Amino acid sequence: MPDSISNRFKMSQERLDALKEELNYLETVREKEVAELIKEARSFGDLSENSEYDEAKTEQGKLYSKIAELQVLIENAEIVDNIDENAPKDTVTLGSVVRVRDLEDGYEDKFEIVGSQEANPRAGRISDDSPMFQGLKGHRAGDVVEVQAPAGVFKFEILSVGND
């Protein structure tokens, strides 16, 4: 179990509320549905050759695993308000919306810096734990930065930094 602040899961209040809602659904509605599947499968007789029973028990295991995962996320949630009050307003920080240009191929991209539990690169939301954020953190529009990524070093020009 995470026990230090560095092992907390950063997320917005909205994300935490959604996780709690999902956990409630799994512990109430879904758990009853799976229990009913097991009960029904038992009625088919010999459990040693009962594929329905095996499938229902597997589903129950997956359900309990998901419930445990959600409980850990919720218990170790660190709410971030997506704004670093101490950072200058024109620098890249958690909550910033950043436009960059790759200096190698000229490709431009725009993304928002979010907590690790909110990240979705395909939707333009990158984690504050990502190499991209680590390279951009604290820089301003007009700066050229190098980002150390698993695929190598990339150079970007920061075109704009905002909060929307």
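**Stop 1**

Select Tyr25, which is partly exposed at a relative accessible area of 39% (buried means under 20%, exposed over 50%, and partly exposed in between, with a 1.4 Å probe and protein chains only). The model is predicted, so local features need pLDDT of at least 70 and side-chain atom pairs count only at pLDDT 80 or more, while totals for chains, interfaces and linings use all residues. Residues are numbered from 1 along each chain as its sequence is written, and side-chain values use heavy atoms, with hydrogens and water left out.

Tyr25 belongs to helix H1. Helices (H or I, at least four residues) and strands (E, at least two) are DSSP runs, numbered from the N terminus. Show the surroundings of Tyr25: not counting residues up to four places away in sequence, Tyr25 touches Arg30 and Glu33 (contact means heavy atoms within 4.5 Å).

Now select residues 13-42 for H1 and residues 51-75 for helix H2. Their axes come within 9 Å and cross at roughly 160 degrees. Axes are lines fitted to C-alpha atoms, for helices over the stretch in contact, and angles run from 0 to 180 degrees between N-to-C directions. H1 and H2 are therefore roughly antiparallel (angles under 35 degrees count as roughly parallel, over 145 as roughly antiparallel, 65 to 115 as roughly perpendicular and the rest as oblique).

**Stop 2: across to the sheet**

Draw a C-alpha to C-alpha distance from Tyr25 to Val145: the two are 45 Å apart in space and 120 residues apart in sequence. Val145 stands opposite Phe156 in E7.

Select the strands. They make an open sheet of five, ordered E5-E4-E3-E7-E6, with mixed pairing (two strands pair if DSSP finds at least two bridges between them). E5 and E6 are the edge strands, each pairing on one side only. From one strand to the next, the twist averages 45 degrees.

**Stop 3**

Next, select residues 152-162, strand E7, whose antiparallel pairing with E3 has six bridges. Two pairs can be picked out here: Val98 has Val161 as its bridge partner in E7, and Val97 has Gly162.

Keep Val97 selected and turn to E4, where Glu112 stands opposite Val97. Strands E3 (residues 97-102) and E4 (residues 108-114) run antiparallel and are joined by five bridges. What lies between E3 and E4 in their hairpin? There are five residues, and Gly106 in the turn has a positive phi of about 80 degrees.

**Stop 4: E5 and Ser127**

Move on to E5, which pairs with E4 in the parallel sense over three bridges. Select Val114 to find its bridge partner in E5, Ser127. Ser127 is found in the run of residues 125-127 that forms this strand.

Is Ser127 buried or exposed? Ser127 counts as buried, because its relative accessibility is 12%. Leaving aside neighbours within four places in sequence, Ser127 is in contact with Val114, Ser116, Ala119 and Phe133. Finally, show the backbone nitrogen of Asp129, which lies 2.8 Å from a polar atom of the Ser127 side chain.

Key: Polar contact = N/O pair within 3.5 Å; in protein donor to acceptor, adjacent residues only side chain to side chain.
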